[in-house]
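I open this notebook page to record which charged pairs and which strand contacts I looked up. The entries follow the order in which I made them.

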Amino acid sequence: MSGGAMSDLGNHPDIDLAGLHGSAAERAATLAEIRAAFEDVGYFYAANFGPSQATVDAVFDQARRFHDLPDDHKRTAYQTTDGSQRGWIPLGDEPAYEAGTIARCESFDLAMELPGESSAEFGGLGANLWPNDLPGFQDTVYGWYLQARHAARQLFVAFAEMYDLAPDTFTRFESERSSSMMRLLRYPPNQGQIADNIVGISAHTDYEAFTLMSQTAPGLELLTREGVWIEPPVFQDRFIVIVGDMLERLTNGRLQATRHRVNDTDWERLSLILFNAFDADAVIAPLADFVTVDSPAAYEPTTQVAHINAEVSAAVANKG
C-alpha cells in the first residue's frame, strides 16, 4: 500500500489511492509512487481507486449471470451494425492483435449512454445494448461504470500533477462523449483443445489513455519496462492500472504503453476492464512540457478515433 508497504504483492508496485485524498504530504507521496511505478515498471496495483469492493463484486456476479446464459439469450444484446462495439461479442469475433493468432474469449461491452447521439465512429455514440430479461444487470453494471469513470477522472488529474502540470492537462481532452469502453470478458476453459496459435487475447497495447483491470483467475501477462513478461498475481481488492497509447503520445514517450496478453488456460477466467479514453475528435500530440531539444516530438498528431480505427482495422485484417 501507499508508503512502500508491498508485503502482500512482493515486488509489484502496490499503491493505496486513498492517499490522493489525504493531506498535501500524503497526496504528494502517492503521486510520486504512481510516477515511479509507471516509469520504472509500467503498471501498478491500485487499492481504493473509487467504487467500493462490494460494487466490484456485484459487477462480477452480473458478468457471471450474463455469461452463463445460452447464446440465444445473449444474442438479444448482439450488435451487428458496423462501427459500434456495444453488447455481446461472441467467441470468435475478437480481432487478432498479432497476425496468425485466434482469441478464445467473449465479452459484454458498454460505454456512456447517449441515446440522443449518433455516430459511425468506433464504439459509436448512442445507446448501449442490454440483454432481455436479466433483472438488475443493467442497473448494476452501468451504475458501476459511471462510478468508475468519475474515479478515473481523478486519476487523470493525478497523472498531470505528478509531473507538476495543471490539473486539467489530460481531462481537457475528454468528456462524457469519450471513447471510454468497459468490457466484461470471459475466457472459457480450453478443455484440452490446445493449439499454438490459440490465445486468450494476443499481445497488444491499449489504444486509449489508461486502463483499469481486474481478474478472477491467473492468465494475464504484462511486459515490464525491462522487457520481461510477468504474470501478475490475482487480488480481488485491487485493480491493475496500465498505460495506454494516448498517454504515451501526450508525454512524448515518458510514459510507455504497457504491452500485455492473456494466455489460453484450462480454467475459466473473468475480467473487468475499463478503458479510459479521450473524446473521439480530440487531437493528441506530444505536449510541449515533454518536448525538448534532446527529446524532440516523437509522434505525429492524431485523434483518438483515428488511432483506434487504424489499430482495430489492422487487428481485424490479421484474422484473415
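I looked up Glu221 and found it buried, at 13% relative accessibility; buried means under 20% relative accessible area, exposed over 50%, and partly exposed in between, with a 1.4 Å probe and protein chains only. The model is a predicted one, in which local features need pLDDT of at least 70 and side-chain atom pairs count only at pLDDT 80 or more, whereas totals for chains, interfaces and linings use all residues. Residues are numbered from 1 along each chain as its sequence is written, and side-chain values use heavy atoms, with hydrogens and water left out.

**Entry: salt bridges**

I applied the rule that a salt bridge is a side-chain nitrogen of Lys or Arg within 4 Å of a carboxyl oxygen of Asp or Glu. The count by this rule is 16 salt bridges.

I noted that Glu221 forms one of them with Arg261, at 2.7 Å from N to O. Glu221 belongs to strand β10 (residues 220–223) and Arg261 to strand β13, so this pair ties together parts 40 residues apart in sequence. Arg261 is partly exposed, at 26% relative accessibility. Helices (H or I, at least four residues) and strands (E, at least two) are DSSP runs, numbered from the N terminus.

I then examined Glu94 and Arg183, whose side chains meet in a salt bridge at 2.9 Å, N to O. Glu94 sits in the loop between β3 (87–89) and β4 (102–103), and Arg183 in strand β6 (residues 182–187), 89 residues apart. Glu94 is buried at 5% relative accessibility, and Arg183 is buried at 5%.

Next I recorded the salt bridge of Glu268 with Arg186, at 2.6 Å, N to O. Glu268 lies in the loop between β13 (260–262) and β14 (269–276) and Arg186 in strand β6, so the pair ties together parts 82 residues apart in sequence. Which of the two is buried and which partly exposed? Arg186 is buried, at 15% relative accessibility, while Glu268 is partly exposed, with a relative accessible area of 40%.

**Entry: strand β12**

I found 5 of the 5 residues of strand β12 (residues 239–243) buried, so the strand is largely enclosed by the rest of the structure. Phe239, Val241 and Val243 point one way, Ile240 and Ile242 the other. In a regular strand the side chains alternate between the two faces of the sheet.

I looked up its partners, where two strands pair if DSSP finds at least two bridges between them. Strand β2 (residues 43–47) pairs antiparallel with β12 over 4 bridges, and Ala46 stands opposite Phe239. Strand β9 (residues 210–215) also runs antiparallel to β12, joined by 4 bridges, and Met213 has Ile240 as its bridge partner.
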